Amino acid sequence: MIAADTGGARCYFKEGSLANWRAITLSALLLVLCFPAWGVIEVDRLSTPELSERYQQLVAEYRCPKCQNQNLAESNSPISIDLRTEIRRLLEEGASDTQISDYLVARYGEFVLYRPRVQASTYLLWLTPAVLLVLGLLVVVFIVQRQKRGASAAPTALSGSEQETLQALLEETQSQQDKTANPEKVESS
Amino acid sequence: MERIKLFIPLIIFVVLAAMLYWGLGRDPNAMPSALISRPVPVFQLPALGGLNAGNTSAADNNATVADPGEVLDESIFLGQVSLLNVWATWCVSCRVEHPYLLDIAETGVRIIGLNYKDEVAAAQQWLAKYGDPYEQTIVDAKGALGLDLGVFGAPETYLVDHLGVIRYKHIGVVDDRVWRTSLQPRYQLLRDALPEADK
């Protein structure tokens with residue numbers, strides 16, 4: 001709109017900005033295409049497909065010490081790059097998964113394990129879900145049992161006066177319905 | 001029994017509130033070092049002072065290769081209580097803590113520098129420009145010692161006793177508060193425990 005009022009220079013500017021948008025959109029698309037490539041480039045450096053597969057599993061299981069909510073595979077912090085390089089080196093040297101795990105834990109602590117070891121300090125972590133499940137089951141069993149008991153206890157006979165009150169109420173309701181409404185209409189509605 | 005059941009939600013609330021309150025005061029980034037009570041890893045790395053990287057001419061570079069200067073190993077920690085400070089010129093926080101390190105070095109605290117994944121020339125310029133609080137600076141250009149120490153960023157500061165055993169690690173900037181509340185008390189304890197001859 002402004003461009004139309006003020007002539008050539010603005011027009012040119014407007015076209016330019018449109019081209020910019022195209023460029024930005026295109027770069028954004030290209031960038032998206034780039035992301036999977038990061039992993040691929042590194043994987044290619046391992047000598048056998050078996051090692052690559054183990055490497056992929058391992059880097060997903062360790063936590064980046066710096067950026068603590070990412071695993072080594074996701075993180076691009078320098079320390080993660082270093083640790084990935086170390087894991088590749090150890091794999092090529094024929095280290096077992098346990099050895100690699102020991103190597104990392106000796107330097108960065110249990111903290112780097114996304115799958116914590118089962119030991120005294122992690123019993124709470126590992127056992128809590130099982131304990132909660134058992135507790136939940138117990139609660140369900142308890143409630144069901146109580147409902148069963150309640151159901152069997154329910155049909156106790158009404159006392160004489162209660163029976164009379166109930167009868168009176170029922171008759172009253174019946175007579176009101178007869179007075180106020182046409183029976184067909186009540187049924188159809 | 002019914003009475004007790006009424007209190008169950010309150011009990012759950014109190015326990016949960018206590019746990020969350022306890023969690024509030026904790027630093028989620030605090031990560032205990034795996035090397036506490038373990039000796040400083042074995043290493044053999046050049047000392048920054050001995051490296052002749054200030055000159056960039058080919059002849060000097062050749063001289064540096066032929067004469068790598070002084071080589072440091074883990075024995076530099078023996079006999080004295082030291083701080084091991086991991087730093088680099090690319091690390092902004094290191095610049096922040098640098099003046100404070102100069103201050104505590106002046107009070108007689110022995111600080112060993114670990115120049116982590118840095119360029120020798122830049123590191124030497126930095127020390128010449130801002131002052132050198134380090135008795136020795138280990139050059140760890142590839143970050144190998146850093147990896148063995150469990151370093152995941154700079155600055156980090158380790159407290160090492162006179163037997164070369166790591167006793168404490170502080171992650172992040174050392175400032176007055178950190179020094180007075182966490183590092184200095186531990187440092188003083190180790191100093192006091194030293195045999196008379198080493199003091």
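In which sense, parallel or antiparallel, do β6(B) and strand β7 (residues 166-171) of chain B pair, and over how many bridges? In this predicted model, the two strands pair in the antiparallel sense, and five bridges link them. Within this pairing, B:E156 has B:I171 of β7(B) as its bridge partner. Together, β6(B) and β7(B) make a hairpin in which five residues lie between the strands. The turn includes B:G164, whose phi is positive at about 80 degrees.

β6(B) also pairs with strand β3 (residues 82-87) of chain B; here too the strands run antiparallel, joined by five bridges. Opposite B:Y158 of β6(B) stands B:L84.

Strand β6 (residues 156-160) of chain B is largely enclosed by the rest of the structure, because five of its five residues are buried. This cover extends to both faces of the strand: B:E156, B:Y158 and B:V160 are buried on one side, while B:T157 and B:L159 are buried on the other.

B:V160 takes us on to the largest nonpolar core, which has 52 residues. Along with A:I87 and B:Y116, B:V160 touches the most other members of that core. Leaving aside residues up to four places away in sequence, A:I87 touches A:Y55, A:L58, A:V59 and A:I100. In soluble globular proteins, nonpolar side chains tend to be buried together.

Between the chains, 10 residues of chain B are in contact with 11 residues of chain A. On the chain B side of this contact, five residues are nonpolar, four are polar and one is charged.

Conventions. Residues numbered from 1 in each chain as written. Chains lettered and ligands numbered in written order. Predicted model: local features only at pLDDT ≥ 70, side-chain atom pairs only at ≥ 80, totals over all residues. Core = buried A, V, L, I, M, F, W, Y, C linked by C-beta atoms within 7 Å. Buried ≥ 20, exposed ≤ 12 C-beta atoms within 10 Å, placed from the backbone. Contact = placed C-beta atoms within 7 Å. Helix = DSSP H or I, 4+ residues; strand = E, 2+ residues; numbered from the N terminus. Pairing = 2+ DSSP bridges. Nonpolar A, V, L, I, M, F, W, Y, C, P; charged D, E, K, R; others polar.
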